[in-house]
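Work through the exercises below with the sequence and the 3D structure in view. Try each task before reading its solution.

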Amino acid sequence: MFIQSCVDIVSRNQPFEERFPYLRGRFGFVVPLDFIGSMSNRWSYGVAFGAVTPSVLQLFTESYTPFSVPAWAKAFLYLLGALEVGMAYMPFFVCLSTTHRALGGVLGILYTLAWLIVRLWDVVTCPGGLVLGEYEKIILQWPCFLCLAFLMGRFIYMVAKDVRIHLQLQNEQENFVQSHQFRYVQTLLRRPTGRLLEKTWFQRRVYEWDPYFKFPNRMIGTAVISLIGLYMVTLGDYRVSGYIFSMLVSVTDSLEELAHSINETDNLFFTLLPLLDEFSHVAWKAWFATTLFTSLTSVTYTFHVLACYRKHIKRLWAGERSFLPEKYRKPSSAVSVAAITRYSGWQIAFTLWGYLIVHFVQFIFALLFVYLVVLPIQKEGFLPWFSHVAIILLTIFIVIILVVLQVLLVRIFFLQDKLSPEDKEKPLALNNRKAFHNFNYFFFFYNVIMGLSNCILRLLNSCIVGTWLVPRIDRTIMQRGYESMDPGYRTWIGMIMADHYHSNPVMVCFCHLLLSRTLERQASANPYSQFNNNGPTGGRVRVRWLLFYTLLKNPKLILLRKRRSSTPKDPLAIARAMTSMVKNP
């Protein structure tokens, strides 16, 4: 399958195109973007995805719907909206991916200029909005304008490059193998060096650039849309939450003024007003403080998913699949290919919705921290607060000490000695069995009580970690054995397996060498290479010479031709047929 796709890159003509010499090479599907094997113009495609981001986010709001439909038909409405966005921005990707650079560059300049004019007119005529105020569209859409300006420069560069190539009479040959793939295979064939290279702090702690690996267009485009979408969602969240909390504060102030005018202090409602006022101010500050941390967390997740993609793909290249669940180490081919189509959309949705979920979780923790730590210290002082907390901490400390004590007692008294002084741990062999049975009996009842608190702690940890990892599609939030209930993780596994099978550098380089040697042998052994088939009669001449060569190598086929009237029993029929073929080629 992979070799056949590589052959399609070398020869693109379809079989029915041989009947139309003047239209040869002009039939075929228009491919806007290769999501699997293409590594060229990666950042140009990523910027093109950045220009699409406002329309993609508009799909979440349903503001594009021209008419109302029943609830059961909304899925078809979403599909129509997605198709509309795809058709509207398809010329960007088609002009970037076409092999005719001059035509693609000129059309791309015109189309990009049209979009720039439309968006500028929209901003100039109605720049304000209900969320961010007077300059809402400028604040939200400046990344889109930046992407469109970059695409304009890219298309101008394509036209200039094509003109320079034609002036210098240089022909560029398309090749499906990349230089980094060659270098990766060379490192595998090279003897490893004995010394280790020193890494900087950034390489050890943050990120280490790999010259033998490149992210595909799909991953870069997904990351760009996610980052721009996070920027727009964060601004919207900031403005909407500010408006809501300001309204809450104003309502609280109005109620306090009403309470002072009535002069009733015994009513429970008026007693709770200070608590409501305190909550409104605390919640406002906590929400804005967690907005910054949530944004940083989501941006970090976006880049961390890219790092995990590289790590998982390189493990698959090395033949290591132990990090995958056992049932998904050989996934279905259809599921893997379908996962490629789902991944980008799901990753963007997981990132944006994950921002809101993680923001709410961090907001809850911030409120707990303020009400349990900050406000008690402000009202009562540090020492009274610490006296209450010390009791809780002492209880937790004693529980931890008893857990550690069980391990120490087992290690000291109930395990046999080391077999060798060089061993790090004692062997798993019991010693003092009667004492161990008594130890196990009395601690049995205590562990029942401690198990209740650990059960609650386990449930809380599972909920917190699960909600915290919602944007992380590369990790499952389910327990081992229940990964099939996590559709996002199944999509991730199918996607990396499909990329592994279609972009493995060893396989790509092997197919490149195989095809290049095959084409060289065909070009050197082709007896018809001297004929030019570009003219109107070239196809007929080529067919007749192919027929002559085939019958010359297989003379018995002459007797099976319908146009020959000679009987098969006549032994001179072959000679007469060959003579007529030589006279009338």
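**Exercise 1.** State how much accessible surface the protein chain of this predicted model has, and what share belongs to carbon and sulfur atoms.

Solution. The accessible surface of the chain is about 38,700 Å². Carbon and sulfur atoms account for 66% of that area. As for the residues, 32% of the 585 in the chain are buried.

**Exercise 2.** Find how many helices and strands the protein chain has.

Solution. The count gives 16 helices and zero strands. Next, take the contacts between residues at least 6 apart in sequence: 72% of them join residues at least 24 apart.

**Exercise 3.** Decide whether helix H12 spans what a straight helix would reach.

Solution. Step one: H12 covers residues 433-468, which is 36 residues. Step two: at 1.5 Å a residue, a straight helix would reach 52 Å. Step three: the end C-alpha atoms of H12 are only 45 Å apart, short of that value. Step four: look for a bend; H12 has one of about 35° at phenylalanine 444.

**Exercise 4.** Name the buried residues of H12 and a helix that helps cover them.

Solution. Phe436, Phe439, Phe443, Met450 and Gly466 are buried. Their cover includes helix H11, residues 382-413.

**Exercise 5.** Determine whether cysteine 147 is in a disulfide, and whether it is buried or exposed.

Solution. Step one: a disulfide needs two cysteine sulfur atoms within 2.5 Å. Step two: by this rule, the count of disulfides is zero. Step three: for cysteine 147, the nearest cysteine sulfur belongs to cysteine 144 and lies 6.6 Å away, and cysteine 147 is in no disulfide. Step four: buried means under 20% relative accessible area. Cysteine 147 has 9% relative accessibility, so it counts as buried. Cysteine 463, at 45%, counts as partly exposed.

Notes: Residues numbered from 1 in each chain as written. Predicted model: local features only at pLDDT ≥ 70, side-chain atom pairs only at ≥ 80, totals over all residues. Heavy atoms only, no water. Buried < 20%, exposed > 50% of the residue type's maximum accessible area, 1.4 Å probe, protein only. Helix = DSSP H or I, 4+ residues; strand = E, 2+ residues; numbered from the N terminus. Expected span 1.5 Å × (residues − 1). Bend = angle between axes of the 7 residues up to and from the residue. Contact = heavy atoms within 4.5 Å. Areas by Shrake-Rupley, 256 points an atom, 1.4 Å probe, with all protein chains shown as cover.
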